[in-house]
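Please find below my note on the model you sent.

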Amino acid sequence: EDVAHYSNFVGHNNRVPAMFEIPMLLWRSSTFLSNSVEDKIAAPRPYQTDQLDHTLLGLMQIKGAYYDARRDIMSATFSPLTRYVVGEPYPLPH
């Protein structure tokens, strides 16, 4: 919900990035074993939460017919999907 921090508007507002850009926080202990990419590589990657299941499976090292490493933000073979906001393609970060 937009609470008029950036505009004179209250409610659902697709004109304000804060309405659809949500920070993702991933904490891993120093003893967590993973074959994932470094955080500094993964951090700027464009991502959407409907692909989170692939990342969780990858972090837990669970492989199967469903898991797709291209959708795993921590994978070396990650490939971003086109993201949409209100039916329009959302630009990749620069």
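1. The model is predicted, not experimental. Local features were taken into account at pLDDT of at least 70, and side-chain atom pairs at pLDDT 80 or more. Totals for linings use all residues, whatever their pLDDT.

2. The chain holds two helices and four strands. Read from the N terminus, their order is β-β-α-α-β-β. Helix H1 covers 39–42, and helix H2 covers 52–59. Strand S3 covers 83–85.

3. The chain has 94 residues, and 28% of them are buried. Its accessible surface is about 7200 Å², with 59% of that area on carbon and sulfur atoms. Of the contacts between residues at least 6 apart in sequence, 41% link residues at least 24 apart.

4. The largest pocket has a volume of about 800 Å³. Its lining consists of 26 residues, and those closest to the pocket centre are Ile22, Met24, Arg45, Tyr47 and Arg83. Two elements, H1 and S3, each supply two or more residues to this lining. S3 contributes the most, with three residues.

5. What is the make-up of the pocket lining by class? It comprises 18 nonpolar, two polar and six charged residues.

6. Searching the whole structure gives one cavity of 30 Å³ or more. The volume of the largest cavity is about 60 Å³. Its lining is formed by Pro46, Tyr47, Gln48, Gln51, Arg71, Phe78, Ser79, Pro80, Leu81 and Arg83. By class, these residues are five nonpolar, three polar and two charged.

7. Is Gln51 buried or exposed? Its relative accessibility is 14%, and the cut-off for buried is under 20%, so Gln51 counts as buried.

8. Leaving aside residues up to four places away in sequence, Gln51 touches Arg71 and Leu81.

Technical notes
Residues are numbered from 1 along each chain as its sequence is written. Side-chain values use heavy atoms; hydrogens and water are left out. On a 1 Å grid over the protein atoms alone, a cavity is a set of points where a 1.4 Å probe fits but cannot get out, and a pocket is an open set with protein on both sides within 12 Å along at least five of seven lines; lining residues have an atom within 4 Å of a point. Grid points are joined across faces, edges and corners, and a volume is the space filled by probe spheres set on the points. Ala, Val, Leu, Ile, Met, Phe, Trp, Tyr, Cys and Pro count as nonpolar, Asp, Glu, Lys and Arg as charged, and the others, Gly among them, as polar. Buried means under 20% relative accessible area, exposed over 50%, partly exposed in between (1.4 Å probe, protein chains only). Contact means heavy atoms within 4.5 Å. Accessible areas come from the Shrake-Rupley method with a 1.4 Å probe; for residues, only the protein chains shown count as cover.
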